[in-house]
Amino acid sequence: MKRPTTILLALLLSAAFAQGVRSTGMGGVVLPGPWAASLNPAYGAYPADRYGADGGMALPLGLINLALRPSTSPVYYFTDPATFKANFDLLAFYDQLSHPFELLVNPPTSPDEIVFHVSADGIQITDGAGNPFDLTAYESNGGGSVAGTTRNPLLQFNVPTGIPGLRLATGVFFETGGLGVNPDDQLLADLASGSLQANTTYTLDLTGRAAGGLTLDLGYATGLPPIPGLDGTLYLGAQVQGFYGLYYSDATLTASTTTDANGVPGTVGYTTNVFYVYPGSGYGAGAKLDFGLVLDYAGGTYGLGLRNLYSFETWSGQRRITDASGNVVNDTPETVTRSGFAPKVYANAAYVQPLEVGDVLYGADLGYAGGGMSAHAGLEYRYEIFRLRGGLGYENGFQVGLGAGALFGPASLDLALTTHSAPFTGQTVFGLAASLGLHF
Amino acid sequence: MKRLIALATLLVALSACSGRTIVTADVDVLSFLDAVDLSQEVTVPGSIEVYLPDSDDDLITPDGGYLVNSVPLLDQLTGFGVRVEIELENTGSGTLDIAASFRLAPASDSANIYDGNNDVALAEAAASLAPSSTQTVVLEASLAQGDPNLDLITGDGFRIGLDVRATGSSTVRYRLTGFALTLSQRPFNLIVP
């Protein structure tokens, strides 16, 4: 029993998360190493100790807020309804739920006051201080990866294969995105001016998407023999990332109204359009092919990952549409399939500079996918068992990271303070993250 | 306008899901009134009582006042406020005593919101005007959550009006210079009873 228990413990403690605490403390930068294999399969054969271990198992500190903090905890609805009613904030709850491995220090807050100024000239909406209400802040940012073909596992286990360079990993993914209120451009403009155009249809969409399931990665990477003329080591790798989808929901609630010749709005109709999958009603499946290379050269490391060189994804579920009267006009099985060339590029680099006391590790990465860019840069000062980190990043908004770590033999403890932009309001939210690691 | 307000309300309500969030509607009643209601000169032959806004084209007969129903917030209010400013000018030769009150009534009280039947006087003020003098009368009142008078305001709207009584023999010019309502609501109360 001892050996299986040890293996299970090792599997759990070597679990890799999409965003390690060490990385968080460096502004989100992903350093060269096996933990980056999902972004660049060549890292599957890269030495794990070249730049130090990437933390360990992140602790779900967010559960503290979800259980105890009145603004984010739904528990009070059952235990103390008065506290729940006075303090609960759906925006704060959503943001904490979206960051389960961070203890949000200042969860975002819904506006304290919203003021409608109603007059014969129209309606203006302001906050409590009289500033115009920024409706564009509530627009969806598109939702990121939920509709894409990359499934970033929330939790991933590397399964020992016993074959050098062969990587097998399975994980669980749950992703949300696309949450937002999207008034059409005309409505946005006319809400601001307070007057409607004649014979115009205005729409307002509330959108949201979520997906969940299992992932399976199979990849192979190897370091090439010395190449004449190249003073460095080159690694190549390829992998297939597959997933099996258990849950999927893509929902849109649309409110619409059409004005008459005098600009007077008609009845507001609400329609819904939901495509959903749950066990028993359908499934999802997909796979994609990635390729990558890494070059160790002149004391530095440079990686380039090309993902989604070919991808296939299918979801078989149910499409349910209701009209403005609430009648179900469509409730039929539907299969949504996407395939083709949808490249995602990920480049990173790292370099260690020795100092008189300790050394400094510099890291940076750059990503491109579907017209969106991400970038991170950070550093880590290392002295004996201690680590100090800092960095900046841009990924759906700017983020700052500060961190610290310590190594105690095979164990490690990492802490990070990070920021992100809250949905809807764009508030800067600070989060604390921690991880414990065991390195065998 | 009511539909636009409904749409805007939906928009904001979706974002205001917090127990602390208060949504307030500041209603500029003055902007909705006809010009004839805003300013007139009235002869006072001993005494007269006028009702504003005039919804029956007869200034001196009680009526249903002004129906307010194009406001984003009408259900489960946590607060209501009113402030009315009436500028009075005695343009005749005799002294006038003026008394004014603000009335609140349910939307169903369409016949007479000044008879005390289902309606209430929320604010009262008085003034004495010497010949050729001008004075501004301010009517101000507020209702907090739990006040039974808030029950007069329902999803169908509510009615408001001014009862202005003048005693003396002279002429008076009145001018409504301010007429604002404030309605407050916690949208979270609609979600979590």
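One definition to begin: buried means under 20% relative accessible area, exposed means over 50%, and partly exposed is in between, with a 1.4 Å probe and protein chains only. This is a predicted model, where local features need pLDDT of at least 70, side-chain atom pairs count only at pLDDT 80 or more, and totals for chains, interfaces and linings use all residues. Residues are numbered from 1 along each chain as its sequence is written, chains are lettered from A and ligands numbered from 1 in the order in which they are written, and side-chain values use heavy atoms, leaving out hydrogens and water.

First spot: L379(A). Its relative accessibility is 38%, so L379(A) counts as partly exposed. L379(A) sits in strand β15, residues 372-383 of chain A. Strands are DSSP runs of E, at least two residues; helices are runs of H or I, at least four; both are numbered from the N terminus. Contact means heavy atoms within 4.5 Å. Leaving out residues up to four places away in sequence, L379(A) touches several residues, including M26(A), Y362(A) and R389(A).

Next, helix α6 of chain A, residues 90-98. Which of its residues are buried? They are L91(A), A92(A), F93(A), D95(A) and Q96(A). Their cover includes α3, β2, β18 and β19 of chain A. At the start of α6(A), a side-chain oxygen of D89(A) comes within 3.0 Å of the backbone nitrogen of L91(A).

Last, D109(B). It lies in the loop between β5 and β6 of chain B. D109(B) is buried, yet has no salt bridge. A salt bridge needs a side-chain nitrogen of Lys or Arg within 4 Å of a carboxyl oxygen of Asp or Glu. The nearest side chain of opposite charge, R159(B), is 6.7 Å away. Lys and Arg count as positive, Asp and Glu as negative; His and the chain ends are not counted.

Terms used: Polar contact = N/O pair within 3.5 Å; in protein donor to acceptor, adjacent residues only side chain to side chain.
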